[in-house]
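Hello,

Here is the structure I promised to pass on. Please open it first; my notes follow below.

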Amino acid sequence: MNYLIAGLGNVGPEYELSRHNAGFLALDRLAERNNILFRVARLASIAEYKYRRNNIYLVKPSTYMNSSGKAVNYWIQYHKIRMENSLIVVDDIALDFGVLRIRAKGSSAGHNGLASVEQFLGTQLYPRLRIGIGNQFQKGAQIDYVLDRFNTDEISRLHEFLDNACDIIHSFMVNGIDKTMTEFNKRQSK
């Protein structure tokens, strides 16, 4: 079976380790754990590997966050991925730092990357893994907060946090969305 895992973020050194690049960071960790490298391709950096006889395609759009859907749609079509076998990994200010939530569908909730994915896919019916980055910002400072780098305390916890995201991604591919939601979302609530 084929799976596409797309991590959303912004390209360029000025965005490295920024909160808005949590999706990129999760895919970088997944690639590291599987000893694979990303290569530049059409509209994205991509990497691929086999996991339990499944073909896994990792996609980090190079179109910037607000146009992520263009790259996601292209690679879903290119690899003929079924919608239920695609997973979008994205940052979320509505969740505390370190909290992870996987869902089978939903709205963009104001996230420009997810809004772009919805626009290009023509649906909200696709799985997504939301990575909590917290919301420790003053009113009107949301953009600066999400584009800022993780602070020292967050960076010290980032490795464990990203490993948890990788475990959820692998469960999604092996156990499916429903079982993964039941297991991991319940665990995060404790």
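Asp92 has Gly132 of S7 as its bridge partner. This is a predicted model: local features need pLDDT of at least 70, side-chain atom pairs count only at pLDDT 80 or more, and totals for chains, interfaces and linings use all residues. Residues are numbered from 1 along each chain as its sequence is written, and side-chain values use heavy atoms, with hydrogens and water left out.

**The sheet**

Seven strands make an open sheet with mixed pairing. Their order is S2-S3-S4-S1-S5-S7-S6. Helices (H or I, at least four residues) and strands (E, at least two) are DSSP runs, numbered from the N terminus. Two strands pair if DSSP finds at least two bridges between them. S2 (39–41) and S6 stand at the edges with a single partner strand each, so one side of each has no neighbour in the sheet. From one strand to the next, the twist averages 25°. Axes for such angles are lines fitted to C-alpha atoms, for helices over the stretch in contact; angles run from 0 to 180 degrees between N-to-C directions.

Now strand by strand.

- S3 (residues 44–51) pairs with S4 in the antiparallel sense, over eight bridges. Lys50 is opposite Asn55 in S4.
- S4 (residues 54–61) runs parallel to S1, and five bridges join them. Here Ala6 is opposite Val59.
- S1 also pairs with S5 (residues 86–92), parallel, over four bridges. Leu4 is opposite Ser86 in S5.
- S5 and S7 are parallel too, with five bridges. The Asp92–Gly132 pair belongs to S7's partners.
- S6 (residues 100–103) and S7 run antiparallel, joined by four bridges. Leu100 is opposite Ile131 in S7.

Two of these strands are well covered. S1 (residues 2–7) has five of its six residues buried, so the rest of the structure largely encloses it. Buried means under 20% relative accessible area, exposed over 50%, partly exposed in between (1.4 Å probe, protein chains only). In S7 (residues 128–132), four of five residues are buried.

H2 (residues 68–78) lies across S1, S2, S3, S4 and S5. It runs at about 155° to S4.

**The cores**

The largest nonpolar core has 36 residues. A core here is a set of buried Ala, Val, Leu, Ile, Met, Phe, Trp, Tyr and Cys residues joined through side-chain atoms within 4.5 Å. Ile5, Leu58, Val89, Leu129 and Met173 have the most contacts inside it. Helix H5 (residues 152–175) gives the largest share, nine residues. Another core, of 19 residues, lies apart from it; among its members are Ala41, Ile76, Val90 and Val117.

Contact means heavy atoms within 4.5 Å.

**Leu114**

Leu114 sits in helix H3 (residues 112–121). At 4% relative accessibility, Leu114 counts as buried. Leaving aside neighbours within four places in sequence, Leu114 is in contact with Leu8, Ile88, Val90, Ser107, Ser108, Tyr126 and Arg128. Ala71 is 43 residues away from Leu114 along the chain, and their C-alpha atoms are separated by 12 Å.

Best wishes
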